[in-house]
Amino acid sequence: MRAIVQDEYGPPHVLSLGEVPTPTPGANDVLVRVHAAGVDYGVWHIMTGLPLVGRLGFGLRRPRNRVPGMDVAGVVESVGANVTAFRPGDEVYGAGTGTYAQFALARPGKLARKPANLSFTEAAAVPVSGVTALRTVGQVTAGEKVLVIGAGGGVGSFATQLAVAGGAHVTGVCSTAKADLVRSLGAQAVIDYTREPLTGTYDLILDIAGIRPLALLRGLLTERGRLVIVGGEGGGRWFGGLSRLLAVRLINPFTRRRLDAPIALTRTADLDALRDLIEAGAVRPAVGRTYSLEEAATAVGDLAAGNAPGKLVITVD
């Protein structure tokens, strides 16, 4: 089958189109014929092997998994002997392994029925980013003031919509090029970080892959406000943004303001919840650009450059 392969760490050019064997599902696996796959920072981390501490999981000298990709939307091709939740022909979306390929394996607990009102391309934009947003802002209450830093990206576009759907007053922080997108997602106010500083006071601040000092963000919180850090970009080569996430965990017990850096794993229950919101019209993926499988390296490069609005998607089949 055709797939994107990677045999070393480095910049986007280490990703190339090749031929690999079609994976064989085990007893607890689902084999998905991939129609589309999302682009997220997890792919960038594995591509570059950064931060270096991550290679304990990715592979010390080269990626343990040659084919990158996690987000997936497609059709079930076959299932393992122990799988009862899905059958061949089902249209699904969720998280798999090596999804930048014509076929990919996934566990049933990480898949769900695809939203009926989405194309495969739109559905592939949802799983990782949508679940992360749901787990971080899904508990907002009506009338709360929410600041979403990075509102024009994959996670941010979902977080903005989810907070608005919860009745919150949302201020989105983004670049000039993404301001119109953020307004279209329902944000009542937009701060263009290239032109103005962060101001105001908020009940919840969601900082997505940010590099701003924690002291600055804490100063924008109400007395009982909450700061949630998402992503581990930035920082040095060894620990990257992980040092910032660790600092949040260490500070949290000693402040009245709640600081958190959750790890959101893609699960069927969350995908089902997102599907209900999507089919009800409360949330819709903001697909910024699409790429062919051959253009996967370009897609990951565009993500890292931060210039593309919304979620980037690779169309496979």
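Predicted model: local features only at pLDDT ≥ 70, side-chain atom pairs only at ≥ 80, totals over all residues.
**A colleague's note on the helices and fold**

1. Residues are numbered from 1 along each chain as its sequence is written, and side-chain values use heavy atoms, leaving out hydrogens and water.

2. How do the two helices sit together? H4 (residues 127-137) and H9 (residues 268-279) pack at an angle of about 90 degrees, their axes 10 Å apart. Axes are lines fitted to C-alpha atoms, for helices over the stretch in contact, and angles run from 0 to 180 degrees between N-to-C directions. H4 is therefore roughly perpendicular to H9, a term for angles of 65 to 115 degrees.

3. Next, look at helix H10 (residues 296-305), whose buried residues are Ala296, Ala297, Ala299, Val300 and Leu303; buried means under 20% relative accessible area, with a 1.4 Å probe and protein chains only. Viewed down the axis of H10, they fall within an arc of 160 degrees, so they line one face of the helix. The arc is that of the directions from the helix axis to the C-beta atoms. Their packing partners are strands S1 (2-5), S3 (30-39), S14 (287-292) and S15 (311-315), together with helix H1 (41-48). Just after H10, Gly306 has a positive phi of about 75 degrees.

4. Glu144 also deserves a look, in the loop between H4 and strand S8 (145-149). Its relative accessibility is 12%, so Glu144 counts as buried. Leaving aside residues up to four places away in sequence, Glu144 touches Ala168, His169, Asp203 and Arg226.

5. Finally, the whole chain: it holds ten helices and 15 strands, which are DSSP runs (helices H or I, at least four residues; strands E, at least two) numbered from the N terminus. Along its principal axes, the C-alpha trace spans about 55 × 45 × 35 Å. Buried residues make up 52% of the 317 residues.

Notes. Parallel < 35°, antiparallel > 145°, perpendicular 65-115°, else oblique. Buried < 20%, exposed > 50% of the residue type's maximum accessible area, 1.4 Å probe, protein only. Contact = heavy atoms within 4.5 Å.
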